[in-house]
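Below are my notes on the model you asked me to look over. They go from the whole chain down to single residues.

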Amino acid sequence: MSEPPLRADARRNRARILAAAVEVFDEHGTSASTEEVARRAGVAVGTVFRHFPTKADLLAAIMKELQGRLAARAETLAAEGDPAALFTFFAEVVERAAGARTVVHLLAADGTDVGVDRQIAGLGEALDALLARAREAGAVRAEVRLDEVIALLTAACHGALAAGWTPDLRHRAVTRLLDALRP
């Protein structure tokens with residue numbers, strides 16, 4: 001049986017907690033405190049624990065919310081019909097992966113595998129739509145396959161996460177990868 005939907009104020013609190021948690025974890029890493037998350041979100045610490053009983057629950061929710069935002073972004077880009085949307089989305093996903101580096105490392109330290117490959121594969125349908133649009137417009141080579149795009153995106157995200165690529169290196173690496181897809 002699923003839980004009843006959250007009231008509007010509870011949804012707002014949850015969203016503020018998640019946004020604050022991303023900032024706090026990025027700034028403080030493993031020393032980030034739930035109290036600081038609550039302070040930044042403008043809620044009581046009990047509110048944080050009501051939504052997320054453990055730090056691992058909070059970190060997992062951050063990743064789930066990121067996955068949802070990425071899927072929604074891909075749908076928006078696909079609906080806009082821009083043939084370059086695949087390239088835009090690819091670059092954005094790598095940037096988001098880099099931005100989630102602290103959260104991913106904290107989850108890993110807690111024994112939770114985020115499974116970047118599974119996260120990217122979960123975007124397969126959206127990537128397929130973007131690839132089809134790019135292929136129709138001649139923005140990518142006709143022989144480029146979805147599994148290749150997923151493999152390249154997964155590799156770039158792993159590099160951004162594991163190696164801590166600088167913004168300049170991320171930009172250059174993504175540019176080279178995307179150039180390989182163009183006619």
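1. Domain bounds here come from an automatic or database domain assignment. On that basis the protein chain is divided into domain 1 (1-53) and domain 2 (63-181). The centres of the two domains, taken over C-alpha atoms, are separated by 27 Å. Five residues from domain 1 and five residues from domain 2 take part in the contact, where contact means heavy atoms within 4.5 Å.

2. A word on the basis of these notes. This is a predicted model, in which local features need pLDDT of at least 70 and side-chain atom pairs count only at pLDDT 80 or more, while totals for chains, interfaces and linings use all residues. Residues are numbered from 1 along each chain as its sequence is written, and side-chain values use heavy atoms, with hydrogens and water left out.

3. Overall make-up. The protein chain has ten helices and zero strands; helices (H or I, at least four residues) and strands (E, at least two) are DSSP runs, numbered from the N terminus. Along the principal axes, the C-alpha atoms fill a box of roughly 55 × 35 × 25 Å. Of the 183 residues, 39% are buried, that is, under 20% relative accessible area, with exposed over 50% and partly exposed in between (1.4 Å probe, protein chains only). Among contacts between residues at least 6 apart in sequence, 71% join residues at least 24 apart.

4. Record annotations. UniProt, in an unreviewed entry, lists residues 11-70 as "domain: HTH tetR-type". UniProt positions are given in the numbering used here, feature names are shortened, and annotations may be inferred rather than shown by experiment. In the model, residues 11-70 are 82% helix and 0% strand, and the end C-alpha atoms lie 19 Å apart. The unreviewed entry also lists residues 33-52 as "DNA-binding region". This span is 75% helix and 0% strand, with its end C-alpha atoms 13 Å apart.

5. Helix H2 (residues 34-41). Which residues of H2 are buried? They are Thr34, Glu36, Val37, Ala38 and Ala41. Their cover includes helix H1 (8-28), helix H3 (45-51) and H4. After H2 comes Gly42, with a positive phi near 75°.

6. Thr47. This residue lies in helix H3 and counts as buried because its relative accessible area is 11%. Its side chain makes a polar contact with the side chain of Arg50 at 3.1 Å. A polar contact is a pair of N or O atoms within 3.5 Å; within protein, one must be able to donate a hydrogen and the other to accept it, and residues adjacent in sequence count only if both atoms are side-chain atoms. Not counting residues up to four places away in sequence, Thr47 touches Asn13 and Ile17.

7. Leu70 and Leu123. Leu70 lies in helix H4 (residues 55-80) and, at 9% relative accessibility, is buried. Leaving out residues up to four places away in sequence, Leu70 touches Phe89, Val93, Arg96 and Leu123. Leu123 sits in the loop between helix H7 (116-121) and H8. Why does Leu123 count as buried? Because its relative accessible area is 1%. With neighbours within four places in sequence set aside, Leu123 is in contact with Gln67, Leu70, Ala71, Phe89 and Val93.

8. Packing of H5 on H8. Helix H5 (residues 85-99) and helix H8 (residues 124-136) pack at about 140°, with axes 8 Å apart. Axes are lines fitted to C-alpha atoms, for helices over the stretch in contact, and angles run from 0 to 180 degrees between N-to-C directions. H5 contributes Ala85, Leu86 and Phe89, and H8 contributes Leu127, Leu130, Leu131 and Ala134. By class, this contact has seven nonpolar, no polar and no charged residues. Ala, Val, Leu, Ile, Met, Phe, Trp, Tyr, Cys and Pro count as nonpolar, Asp, Glu, Lys and Arg as charged, and the others, Gly among them, as polar.

9. Arg170. This residue is found in helix H10 (residues 167-179). Arg170 is buried, with a relative accessible area of 10%. Its side chain reaches the backbone oxygen of Trp165 at 2.7 Å. Not counting residues up to four places away in sequence, Arg170 touches Val94, Glu95, Ala98, Ala160 and Trp165.
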